Amino acid sequence: MIDRIGRYAVDRVRAAGRFGHFLADLVRAVPDVATWRGPLVVQMRKIGVDSLPVALFIAAFTGVVLALQASYTFTGTVPLYVVGTVVAKTMMLELGPVLTGLALSGRVGASVAAELGTMRVTEQVDALETLAYDPQAYLVLPRVLAGTVMVPLVVALGIAVGILTGWLTSLSLLHLSTPEFVKGLKLLYRFKDTWFGLAKSASFGMTITLIGCRLGLDTWGGAEGVGRSTTRAVVFSAMLILALDAFWAVVLL
Amino acid sequence: MIQFRDLRKAFNGRPVLDGFTLDVKDGETMVIIGFSGSGKSVALKHVVGLLHPDGGDVIVDGRAVSQLDRAGLTALRGEIGYVFQFAALFDSLTVEENVGLGLVRRRLPEREIASRVHDALRLVDLPDSGPRYPAELSGGMRKRVGIARAIALRPRYILYDEPTTGLDPVTSAVMDQLMVRTREQLGVTGIVVTHDMRSAYTVGDRIAMLYEGRVRQVGGVREIQASADPIVRQFIEGRPA
């Protein structure tokens, strides 16, 4: 038993060491701008633009539900214009970043891990190295930068769409007027609400892509290995997003 | 000159290379033969630093590969073309983008890249395949594109990892001709890892048999064909143990 625990602990320390090396290599690749500049644009489109439909779909329905649940909770006790407050605050601080992050951990994390995993098991990563490319500069850095930059933008649009559908729901189903909804929207707004949600989203984007790249490049064992890496990337990213969410709440709120 | 010096490598405690020593002279094509899993490809990967040895080293023109820093390794890789077993072409790039990728890295002018890509594809008899994607090519064509990608760099050395595996006899013969033509026209030093004896006899100047992690016998084609070593005989005649 003690032997197994010891071996597990040594394995974890080794894994942490390897991840440290991975991060150090990533930082070392930053000055190689000529290598990562081209793939960065492609990845910004893949990770950002291509994620918009799923992110906006989630945000749209979240806005509707938030407005209806707030109305259900406040009717008869609190003025209904507070619905605007609840929709905006919840979308900006929590549901916009976290729901989008969880959705993208599936869409982006899985896609990155599967793509790099397939490249690893088919020796394409080795081929890159023999052509004198640094895989960190050519494969990893563009994805991590694109995730860090584009996920907050996707989340920002998601928040806007969530508030929009919350407003439309308030007008059509709750019989609130636009001035009332806007009054609620402004009631407790602080600029921190905006940057907190977006900064958190950037950390989610970085985490999703880092985990996807790391597990993808660590793949072994053919198609089964690619499947294993993909599943682990989604699960680890989702867990880390929830842990980071709590961390930022403790540190910044 | 490429020198394998007492090279040792183990995976999960199982030694694959155990004191592998071999010299590959400039201008020759050395064929490394051996049973599946005998460590032929592992030896090849050490030449370009894709694997780090547990002991010993590979010396390329006086440079110990495992001791090279990042810049040294990049410079070394610029002199070596590597043809992978399954070609390892990038699926998302066209054939000409695959062949030109190493040249882009060297920041050559676009016209020179286009010219070298054209020449390389012509040498492998695929002059019109540039705009196609790897998925649209047969296995043999993919391997030829892999060779084109290697020779476009105008390397001093080319390493071929199982170049005829999985090909029909006719396509294998085409690959053999291509390797011979590459050496004759470009004057490169080559290492070919294979267990296809017909290919080994066609392309090799010398043949080394790798067995239990070290060289069992090395010699010219005729020497190997006339070998009295029972392990070598069993392998070249394809007899079950």
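**Exercise 1. Find the strands that helix 1 of chain B lies across, and its angle to strand 1.**

Keep in mind that this is a predicted model. Start with helix 1 of chain B, residues 40-47. Follow it over the sheet, and you'll see that it lies across strand 1, strand 2 and strand 4 of chain B. Its direction is about 120 degrees to that of strand 1 of chain B.

**Exercise 2. Work out the strand order of the four-stranded open sheet in chain B.**

Step one: pick a pair. Strand 1 (residues 2-11) and strand 4 (residues 55-60) of chain B are joined by five bridges and run antiparallel. For a landmark, go to F4(B), whose bridge partner in strand 4 of chain B is V58(B).

Step two: read across the whole sheet. The order is 2-1-4-5, with antiparallel pairing.

Step three: look at the ends. Strand 2 (14-24) and strand 5 (63-64) of chain B are the edge strands, since each pairs on one side only.

**Exercise 3. Which way do the residues of strand 6 of chain B point, and are they buried or exposed?**

Go along strand 6, residues 80-83 of chain B. I80(B) and Y82(B) point one way, while G81(B) and V83(B) point the other way. Both sets are buried. Now for the neighbour: strand 6 pairs with strand 7 (residues 157-161) of chain B in the parallel sense, over four bridges.

**Exercise 4. Describe the overall make-up of chain A.**

Count the elements to begin with: chain A has nine helices and zero strands. Next, picture its extent, as the C-alpha atoms fill a box of roughly 65 × 50 × 30 Å along the principal axes. Of the 253 residues in chain A, 47% are buried. Finally, check the contacts between residues at least 6 apart in sequence: in chain A, 88% of them join residues at least 24 apart.

**Exercise 5. Describe how helix 9 of chain A packs against helix 4 of chain A.**

Two packed helices are described by the angle between their axes and the distance between the axes. The axes of helix 4 (residues 82-121) and helix 9 (residues 222-252) of chain A come within 8 Å and cross at roughly 150 degrees. Angles over 145 degrees count as roughly antiparallel, so helix 4 of chain A is roughly antiparallel to helix 9 of chain A. The crossing is right-handed. Residues in the contact include G101(A), S105(A) and G109(A) of helix 4, together with G225(A), S229(A) and A233(A) of helix 9 of chain A. By class, the contact has 11 nonpolar, 11 polar and one charged residues.

**Exercise 6. Now do the packing of helix 8 with helix 9 of chain A.**

Helix 8 (residues 191-217) of chain A packs on helix 9 of chain A at about 150 degrees, with the axes 9 Å apart. These two helices are therefore roughly antiparallel to each other. Helix 8 of chain A passes helix 9 of chain A in a right-handed crossing. Among the residues that meet are F196(A), F204(A) and I211(A) from helix 8 and F236(A), L240(A) and W248(A) from helix 9 of chain A. The classes come to 12 nonpolar, six polar and three charged residues.

Methods:
Residues numbered from 1 in each chain as written. Chains lettered and ligands numbered in written order. Predicted model: local features only at pLDDT ≥ 70, side-chain atom pairs only at ≥ 80, totals over all residues. Axes fitted to C-alpha atoms, helices over the stretch in contact; angles between N-to-C directions. Parallel < 35°, antiparallel > 145°, perpendicular 65-115°, else oblique. Left-handed = near helix turned anticlockwise from the far one by under 90°. Contact = placed C-beta atoms within 7 Å. Nonpolar A, V, L, I, M, F, W, Y, C, P; charged D, E, K, R; others polar. Buried ≥ 20, exposed ≤ 12 C-beta atoms within 10 Å, placed from the backbone. Pairing = 2+ DSSP bridges.
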